[in-house]
Amino acid sequence: MDDLIVDFIAETEDSLQELDQDIVTLEQTPDDPDLIGKIFRVMHTIKGTCGFLGLPRLESIAHSGENILGKFRDKEIDINADGISLILESIDNIKDIVLYLSENGEEPAGDDSDLKNRIASYIENKGQSGGSSAPAAEAASPESEKTEEKQPSDQPATQEELDELDRIFHETEADDSAESNDTPAQDNAAPTPPPPAAQEKKPEPTKTEAKPEAAKAAAKPTGAKPAQSLRVNVDVLEELMTIASELVLTRNQILQIMRQDENKSFETALQRLNHNVSELQESVMKTRMQPIGNAWSKLPRIIRDLGQELDKKIDLVMEGEETELDRQVLELIKDPLTHMVRNSADHGIETPADRIKAGKSEKGTVNLSAFHEGGHIIIQIADDGKGLNTERIKQKAIEKGVMTKEELAEATDKQIHNLIFDAGFSTAEKVTSVSGRGVGMDVVRSNIEKIGGTVDLVSEEGKGSTFTIKIPLTLAIVSALIVKVGSERFAIPQINVMELVRSDQQENKIETINGSRVLRLRDHLLPLLDLKKILQLHDEPEIVQENEQTETPVSADETTNSDTDEELEKKLKEENAFILVVQLGNSAFGVIVDAVFDTEEIVVKPVSPILRNIEMFSGNTILGDGSVVMILDVNGISKSSGDISVFAEDMRLATEEEEQDQHDENKKQKEALLLFRAGGEETKAVPLQTVGRLEEFDTKDIETADGSYVVQYRDRLMPLISVDENHKLAEKFQPVIVFFDNVKNKTMGIMVDKIIDVIEETFSIEQSKGENGLLGSAIIQGKATDIIDVTHYISQASQGDWFDIKTTAAYDREKSFGQDYIKRKLLLVDDSSFFRGILEPFLKTAGFVVTTAEDPDKALALREKGLMFDIIVSDIEMPIMSGFDLAENIRKEGIWQNIPIVALSSHATQEDKDEGKRVGFNAYIPKFDREKLLNALKETLDGGSAQTEQRKAS
Amino acid sequence: MAEVHTIHEHTDAYDDLIEFVTVVLDGQMFGVPVTQVQDILGAVQLTKIPTAIKEIAGNLNLRGRIVTAISMRSHLGLPPSDKKAEDLMYVVVEHESDLYSLVVDSVGDVLKISEKTLEPVPQTLDQTWLTITKNVHQLEEELILILDVDMLINNLLSPQGKKEKKAASQ
């Protein structure tokens, strides 16, 4: 594109933006010759430049607009709404063409003769609207009947466009307008001045429907003398910003080194450096700062149009438009802000008639203000309209199933009002245009939250509503809390953290509900998320000595609580955790971390593309000590906690009561099952514990290799198996249940027709009919449900390398175990949740009462509690403590000394077997040969006690 | 980049010579085009990235830029190295204006190889190996596989990331 045209576009866009404001001001202060002159000149410049650059279409529109303005200036025509509308319309056309020009480098085809003709006839008629096709002129038409006619047909049309939320407001409004339409013709005489007079006068108030404050506000920035300024490419500013941020980090690093170093000779120089860098950072930040007024410039026009369209009288008062904020943030809040102001004017402010009825002045006010507070900018949008209809929202909430009647009865008005931000409340369409039509309030809120902001609402019925938006000044540098989880450090933006709680045994006690941890916080139950689990981190021995020197964490296990004695403290160490209370939308939850360090100003950097799919992190940063940390994304954390794999890990050994339940023979266990449909209508189920993920693959991506289906998954080929032989691929997306073996790093998928649900239910498995691939069937939710034997399908997929499965269909249950083993108590120790998931249902089917432990420590903890088992089955290869060590420990001391132990291992060499025998295993079974396992269990239980007797004797 | 230009300008005879940084992984030599190598680092402090795929070794700080380290052994399906973490080497490469570092066992000399002697990779290799290598060259003693850095990183993008990229390029 021609450089000249690029410059022209930039310049024109700027002046057009000013024009919008100026013309609205002009309508209110028609006899300001300076203003007319200014507008005229801008139009003229555009016209002139266009002629020079060869843009005929733009030139001719600008020319027409200039004509009207010329007549206004020379006082040949009085300024009125029609004229202003025509000018605004030509400006809109110019904008469209300029936009097209900037994208395509040339003018769009088409002509504007209609507009030009109307302008010509307007000028000819000396200010009387010539053509009836001018839409704006229609709305402001001086003929009173016309306005009367228009109302009924116009209102429903707009109503249809509104989203759900808007309808709440609008329905009441529609009633009102219906009333006012019916009544004025007959009854108007009584409350208001005689109708004919009032109606004839109507054009008058439209003209003088002045917005003095708005006029002043709009005039302020434009009236000022242009400051000395320079156009700088945004990229250059960004670059400068990055460098300055790096400099800040380097300074922090040097300061940290200096603190440890006693060398004083650098001190003065360093102080100066420190000071200068701070100033540099501030100045650079300033270059990115823009007055918030820039985001508001369109609003007076929007409110004016809206007022005319809806026949409302609305004042837009703007305060604090000089308040500055980062241009990136400014861009991001522009649309939500526009929508909210529009909403306030559209649905908050009543019609003049209603306002008078309510005892208010007929003109409504929307007050928009901005100011700084701390490191944030606060934007308030207040209207003096009718406020939110609490009852209507309640009704909606029940309809939509967002809240129950009981919940609503307990909720405060404020909580109810804030429901309008919930996704369920609007149709949640995407942002469609700058005007904000079709944007639900939930989109507004999510946009604001995306930039680390919050939005709040206070409303009083009949008095009006106030929205308060709080956003950070800049996105580049945020204040963050540095926390430690496992042996890793993470940053969490401070704006997300409402408070920091230390759990203890008294007030702030961590309790569990079915394995989910909650905290009693000032009489409210706060759901807790364990970051260690979500991030799949493990406790690691503290060997981070270097870090300890530079920063001393307030570690949960270091400080002592004077109220509890030390011994108890030690025991409860695990529950004595730090909890970050985090607000997300309307709900709060707690995040458990191991330690909390200082707060630090961090520069948010995006993660590299290969990490983008991890939603737990919103970015990464470099701390003052030079180390890289990940920045936690509160949204992502809460989302991932819904991930079934997290809860699957969570289910074992959750609470003491649960363990007791597990050992109470009369009680059946609750088991989580994934229900699905595959081949036929009946429901099938698979233990949730074994399930890695649920995926949907594009059918196109599923390939055939060697007669079986495969799909590329996580960059390797994953075999896909179907439950019934005649399975056909789904038309578009094929739902697949994915199974992982973390230990061997293998995956496989079972193709199903439909995933139905995840349920947790008590059930007992009936013997299977001997079919391959079925563990048995059970009554689940009142229906007979086949429970799938995952191992069978794994063996299908394995082709030898998946697991050491020799044959799965081979075992004969009848033969392997009899009624004798029913209710025998078995403890299964295996670090792989996958194997636990496979073995547990299998052993249960065989009649055992199974308890699982994910590592030897947990198993030994059960011994400390005094639980007894008939037999223990343990894996050998486990981190921290191997199965050998476990067996040795069990045999050495304690109440389990005489319980037979069976080893499961994928390394079944003779040496291993010998070692196993030495430490006290009764049998050594290769993993995963189920026939052998059952046989071994049978043998061991029969002869086990005898053997141990022997061992003892020898 | 500058070095390559000088070769082009001054020594026409070696017009087709390409320089490769040689690295070794589990005894196999690989070559990375010098033009793509930004830096070579020794002992670095790696930050683990929880829940990331296993090919991602972590993040490191390269003069204020965050660089994601890719474990080449893991990517190639090789067993983990028995070397200590601080003895491994990090070859920093640029891909679409982001920096990545390839974690390798050791870094050797820079070799000049004539473009003409580069042969296609035998199709019998493992799928991943085929994807992330471009060519093979016969040295006297051993074979050197030329890494395709762009494919190597693209291969690690999640399906979603790939889709986004496709959409962006259209």
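A: One term before we start: buried means under 20% relative accessible area. Also, this is a predicted model.

Q: Okay. Is Ser101(B) buried or exposed?
A: Ser101(B) has a relative accessible area of 0%, so Ser101(B) is buried.

Q: Which strand is Ser101(B) in?
A: Ser101(B) sits in strand 7 of chain B.

Q: And what does Ser101(B) touch, leaving out residues up to four places away in sequence?
A: Its contacts include Leu60(B), Val67(B), Thr68(B), Ala69(B) and Ile70(B). Tyr90(B), Val91(B) and Val92(B) are also among them.

Q: Switching to the interface. How many residues of chain B are in contact with chain A?
A: On the chain B side, 25 residues are in contact, and they meet 28 residues of chain A.

Q: What area is buried between the two chains?
A: About 2,300 Å² is buried between chain B and chain A. Carbon and sulfur atoms give 59% of that area.

Q: Which three residues of chain B supply more of its buried area than any other three?
A: Pro50(B), Thr51(B) and Ile66(B). Together they supply 24% of the area that chain B buries against chain A.

Q: How many salt bridges does the rule find across the interface?
A: One, between chain B and chain A. Glu488(A) pairs with Lys48(B), and their closest N and O atoms are 4.0 Å apart.

Q: How many residue pairs are in polar contact there?
A: Three residue pairs between chain B and chain A, both residues being at pLDDT 80 or more.

Q: Now chain A. Where is Arg288(A)?
A: Arg288(A) is in helix 13, which covers residues 267–288.

Q: Buried or exposed?
A: Arg288(A) is at 2% relative accessibility, so Arg288(A) counts as buried.

Q: What touches Arg288(A), again skipping residues up to four places away?
A: Glu238(A), Met241(A), Leu325(A), Asp326(A), Arg327(A) and Gln328(A). Take Leu325(A): it is 37 residues from Arg288(A) along the chain, with the C-alpha atoms 7.9 Å apart.

Q: What about Leu230(A), buried or exposed?
A: Leu230(A) counts as exposed because its relative accessibility is 75%. Leu230(A) lies in the loop between helix 11 (212–223) and helix 12 (234–260) of chain A.

Q: Which residues make a nonpolar surface patch with Leu230(A)?
A: Val232(A) and Val236(A). With Leu230(A) they make a patch of about 300 Å².

Methods
Residues are numbered from 1 along each chain as its sequence is written. Chains are lettered from A and ligands numbered from 1 in the order in which they are written. This is a predicted model: local features need pLDDT of at least 70, side-chain atom pairs count only at pLDDT 80 or more; totals for chains, interfaces and linings use all residues. Side-chain values use heavy atoms; hydrogens and water are left out. Patches are made of residues with over 30% relative accessible area and no salt bridge: like charges are joined within 9 Å, nonpolar side chains (Val, Leu, Ile, Met, Phe, Trp, Tyr) within 5 Å. Accessible areas come from the Shrake-Rupley method with a 1.4 Å probe; for residues, only the protein chains shown count as cover. A salt bridge is a side-chain nitrogen of Lys or Arg within 4 Å of a carboxyl oxygen of Asp or Glu. Helices (H or I, at least four residues) and strands (E, at least two) are DSSP runs, numbered from the N terminus. Buried means under 20% relative accessible area, exposed over 50%, partly exposed in between (1.4 Å probe, protein chains only). Contact means heavy atoms within 4.5 Å. Buried area is the accessible area (1.4 Å probe) that two parts lose on being put together, summed over both. A polar contact is a pair of N or O atoms within 3.5 Å; within protein, one must be able to donate a hydrogen and the other to accept it, and residues adjacent in sequence count only if both atoms are side-chain atoms.
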